[in-house]
Amino acid sequence: MNCKYFGICGACIVYEGGYEAGLLQKVELNRELFTPFYTDEISLFKSPSSHYRSRSEFKIWHEGEESIHYAMNRADKNGVLLIGECPQVSSAIFTLMPKLLKAIKREKIDFKLFGADFLSSSSGEIVVSLLYHRTLDSTWKETTEKIADELGIYIIGRSRGQKVIIKQDYVTEILHVNGDEFRFNYIENSFTQPNSQVNEQMIGWALKSLQNTDADLLELYCGAGNFTIPFAKKFRKVLATEISKSSINAAKTNMLLNSVDNIAFVRMAVEEFVEALDGVRVFNRMKDIDINSYEIKSIFVDPPRSGMDEATCRFASRYENIIYISCNPQTLARDLELLTKTHKVIDMALFDQFPYTHHAEMGVKLIKKIAKILML
């Protein structure tokens, strides 16, 4: 990556040999970590080496009364580094950054501004969140509307207890997976995959890994439907759970965007869902879902960095096929200690969502050991 701040800015790790060397290091570390569970080749899905982040956050740093800059923490942890650009971010964000800063200063809306968060789509739509330590008034709104029109972007103003939306608070992303096209509304300040090209590869791998598509699929931690909606094209029915109300609402919107009607989204914690499935408790949120009509043989999980707890691992072990996407290899390895008591790992993949960092996204396919014997 051609970056003038490389090695000074704390956002990236410098690997001697560049991107490929860093990627090889990740592969070797994870091959060693997962050797107790899987000894075949781990499939590797690369990222572009620059302009790969569709989501990014920057400090706004003030020098006196006349000058403002983007800033990042320094790699040596000695204060902040003032920057004018970032090759990590998407081409659309990269182009916008200096123009936005110039407009903010020119229109004098920089008072008490301390941060700028960017969210972009592959087609170049951008939402910028401007973060303030002051109340935003009607004058701010009128001025910012002019900047949004001038730059062709959407802007959100945020301060304590306040969110001011200029135009809209989302972008529409189009993902291309195995020849199909999927549309998603990505909402400001909610979780979305940060690397769209790797995300497409990740969805494609998961789709190819799933079997028994004549039956139904259960998904835990479904978020806004990033995997769920592509899965719906392959399965008879999909039952998906998520605890976040905003994510469930976004998932339902995304389902309509893609003209999909065979998904039931349920806002429910995993523990509650297990109780509902086993008839231990009755939940009003499940009143329109006939659990007995589902023939579930496959389960897909994409948990947070903390992974799954022991009870959820035991629950997942009920099903023939488990597809596990993990953003934390350490907690994945911990969970595999439990899952491999009943299942065998038959495929693994590494997705390089975060180039120039230690982070790696992992994919694992497991098949129930009894089912494996029958297949042989």
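Tutor: Let's start with the residues of α2 that are buried (under 20% relative accessible area; exposed is over 50% and partly exposed lies in between, with a 1.4 Å probe and protein chains only): Ile 93, Leu 96, Met 97, Leu 100, Leu 101, Ala 103 and Ile 104. A word on the ground rules: this is a predicted model, where local features need pLDDT of at least 70 and side-chain atom pairs count only at pLDDT 80 or more, while totals for chains, interfaces and linings use all residues. Residues are numbered from 1 along each chain as its sequence is written, and side-chain values use heavy atoms, with hydrogens and water left out.

α2 covers residues 91-106, which is 16 residues. Helices (H or I, at least four residues) and strands (E, at least two) are DSSP runs numbered from the N terminus. From first C-alpha to last, α2 reaches 24 Å, close to the expected 22 Å; that expectation is 1.5 Å times one less than the number of residues. There is a bend of about 35° at Met 97, with the proline Pro 98 following within four residues; the angle is taken between axes fitted to the seven residues ending there and the seven starting there. Met 97 is also one of the buried residues of α2.

What do those buried residues pack against? Their partners are the strands β2 (55-63), β3 (67-73), β5 (113-120) and β6 (126-132), together with helix α3 (138-151); contact here means heavy atoms within 4.5 Å.

The whole structure holds 14 aromatic pairs, counted when ring centres of Phe, Tyr or Trp (its six-membered ring) lie within 6.5 Å; planes under 30 degrees apart are stacked, over 60 edge-to-face and the rest tilted. Phe 58 belongs to β2 and Phe 118 to β5, 60 residues apart, so the pair links distant parts of the chain. Both Phe 58 and Phe 118 are buried.

Now step back along the chain from β2. Ser 47 sits in the loop between β1 (43-45) and β2, and Ser 47 is buried at 7% relative accessible area. Its side chain makes a polar contact of 3.0 Å with the side chain of Asn 195 (N or O atoms within 3.5 Å, one able to donate a hydrogen and the other to accept it; residues adjacent in sequence count only if both atoms are side-chain atoms). Leaving aside neighbours within four places in sequence, Ser 47 touches Tyr 19, Tyr 52, Asn 195, Val 198, Asp 352 and Pro 355. Tyr 19, in turn, forms one aromatic cluster with Phe 6 and Tyr 356.

Back at α2, the helix is followed by Lys 108, whose phi is positive, near 55°. Most residues other than glycine have a negative phi. Lys 77, also not a glycine, has a positive phi of about 60°. Lys 77 lies in the loop between β3 and β4 (80-83), and counts as exposed at 76% relative accessibility.
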